[in-house]
Amino acid sequence: MHELPVTQSIIRIAKEEAEKHKVNKVLEIRIAVGELTGLMPNCIQHYFDIASRGTVVEGAKLIINKVPVAVRCNNCNSESEIDKSKGYGCPVCGHSDIKIIRGNEFLIQSLEVE
Ligand SMILES: [Zn+2]
C-alpha cells in the first residue's frame, strides 16, 4: 500500500467531519494502522504535513497507533498476538491453521477539534 492515497483519505475524512460539526480547526487525529498494512507512520506524517496545507486540518497532530497482528487458531481456539518475524503459526499449539483477526486495519479512531 502507498502512504499518499491513504494520507489523502485521512485528510478528506477529517475535513468532512470538520464541516459536519462546523469547526474551524482539527487539533488531533488518531489513526490505527495494522502491522500487516506495511504503512510507515513516518511517511504518513510526512505526506500529511504537505497535503494538509491550507486546509482545516493543517497543523493537526497525527497520532498513529500501530496495531499488532493477532490470530485465532482453528485448532485450539486461542487468540494471540504474533510476531511476524517468527512466522504465522499458532503460538500456543504451533498449528498453522490460523485466521488473522487483527493487523489489516487502517482507520480513523478519533478526531479532536477546536
Ligand atoms: Zn493453537
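Modeller: Start with donors: these are N, O and S atoms within 2.8 Å of the metal (3.2 Å for Na, K and Ca), and water is not among the atoms, so sites may look incomplete. Here the donors of the zinc ion follow the spacing C-x2-C-x13-C-x2-C along the chain. This is a predicted model, where local features need pLDDT of at least 70, side-chain atom pairs count only at pLDDT 80 or more, and totals for chains, interfaces and linings use all residues. Residues are numbered from 1 along each chain as its sequence is written, and side-chain values use heavy atoms, with hydrogens and water left out.

Biologist: What makes Cys-73, Cys-76, Cys-90 and Cys-93 donors of the zinc ion?

Modeller: Their SG atoms lie 2.3 to 2.4 Å from the zinc ion. The cut-off is within 2.8 Å, so they count.

Biologist: Why is the site of the zinc ion called tetrahedral?

Modeller: Four donors count as tetrahedral if all angles lie between 85 and 135 degrees. The angles among the 4 donor atoms here are 105 to 117 degrees, so the site is tetrahedral.

Biologist: Why is Cys-76 called partly exposed?

Modeller: Buried means under 20% relative accessible area, exposed over 50%, and partly exposed in between (1.4 Å probe, protein chains only). Cys-76 has 33%, so it is partly exposed. Cys-93 has 36%, so Cys-93 is partly exposed too.

Biologist: How do you know that β3 and β4 pair?

Modeller: Strands are DSSP runs (E, at least two residues), numbered from the N terminus. Two strands pair if DSSP finds at least two bridges between them. β3 (residues 70-73) and β4 have 3 bridges, so they pair, and they run antiparallel. In one of these, Ala-70 is the bridge partner of Glu-81 in β4.

Notes
Helix = DSSP H or I, 4+ residues; strand = E, 2+ residues; numbered from the N terminus. Tetrahedral: all angles 85-135°; square planar, octahedral: opposite > 155°, others 65-115°.
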